[in-house]
Amino acid sequence: MRIGILSSSLPAALKIHSEVKTVPGCHPYILLCRVGEETRLRRLFKHAARFVLKEGRFQSLRLLARGRVIMLPHPLDDARTLARLKRLRLDVGLHNLGAIYRDETIKAFRTGILNPHIGLLPRYRGRNVMEWSLLEGRATGITLFFIDSGIDTGPRIVLREEVDVSHCGSIESAKAYLFNLDAQFFRRALELLRNEEFSFEHNDGTGRRYYVMSRLFQNVVEELIKANG
């Protein structure tokens, strides 16, 4: 199974790579993607600085030498990027990027792009879903699902699990805790996909789409987290 880790950060991608490379039969590539309007020179400087300052330099060198780190200098929906992705013949993409994917990009991966959503689908779609879960007195968690062009509407759920954040002292630390579990959840999802008896759960769209939570409600959630901590 050929895996493409879509990221704008080499250290973040290396963390995911270290987990998913342990899955038998998985061959991960790091796809360093362009973000916004940043220039090629700025991107090269950014990645070079991270390479020098962060751990994992020797791992990066090994992956570069093996052709497993690939710079994508053009936007994801650019014809040149799509052609490059298709030549790589990737089976699954792993989302670690602040981007919205168009259909052409999603289809460049044989099975699709996996997204670690910090909410329990299908009930919680959209923005600030961890906070809305806490405000409504419901469980928080993570859902790994294959995206489509909608907002958390991809119908194929691979893995969904409740994750307790009551030990966290704030919204920021709770979200950081959940986001930091992405590499582990990616590995577990890929292990499931390799199982011939695996079947998807269905994201049936019965939940609600949530929007950005107001500061007033965020303050209430902060107090709930502190009270439970």
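**Exercise 1.** In this predicted model, find which residues of α1 are buried, and work out why they line one face of the helix.

*Solution.* Step 1: Start with the cut-off, since buried means under 20% relative accessible area. Step 2: Go along α1 with that in mind, and you get L10, A13, L14, I16, H17 and V20 as its buried residues. Step 3: Now look down the axis of α1; the buried residues fall within an arc of 165°, so they line one face of the helix.

**Exercise 2.** Stay with α1 and find which backbone nitrogen a side-chain oxygen of S9 reaches at the start of the helix.

*Solution.* Step 1: Go to the start of α1 and pick out S9. Step 2: Follow its side-chain oxygen to the backbone nitrogen of A12, which lies within 3.3 Å.

**Exercise 3.** Describe the largest pocket: what is its volume, and which residues lie nearest its centre?

*Solution.* Step 1: The volume is about 1000 Å³. Step 2: Among the 33 lining residues, H95, A99, N115, H117 and D152 lie nearest the centre. Step 4: Sort the lining by type, and you find 17 nonpolar, nine polar and seven charged residues.

**Exercise 4.** Now do likewise for the second largest pocket: how much space lies in it, and how do its lining residues divide?

*Solution.* Step 1: The space is about 220 Å³. Step 2: Of its 13 lining residues, P75, L76, D77, A99 and I100 are the closest to the centre. Step 3: The lining divides into seven nonpolar, three polar and three charged residues.

Notes. Residues numbered from 1 in each chain as written. Predicted model: local features only at pLDDT ≥ 70, side-chain atom pairs only at ≥ 80, totals over all residues. Heavy atoms only, no water. 1 Å grid on protein atoms, 1.4 Å probe; cavity = no way out; pocket = protein on both sides within 12 Å on 5 of 7 lines; lining within 4 Å. Points joined across faces, edges and corners; volume = space filled by probe spheres on them. Nonpolar A, V, L, I, M, F, W, Y, C, P; charged D, E, K, R; others polar. Buried < 20%, exposed > 50% of the residue type's maximum accessible area, 1.4 Å probe, protein only. Helix = DSSP H or I, 4+ residues; strand = E, 2+ residues; numbered from the N terminus. Arc of directions from axis to C-beta. Polar contact = N/O pair within 3.5 Å; in protein donor to acceptor, adjacent residues only side chain to side chain.
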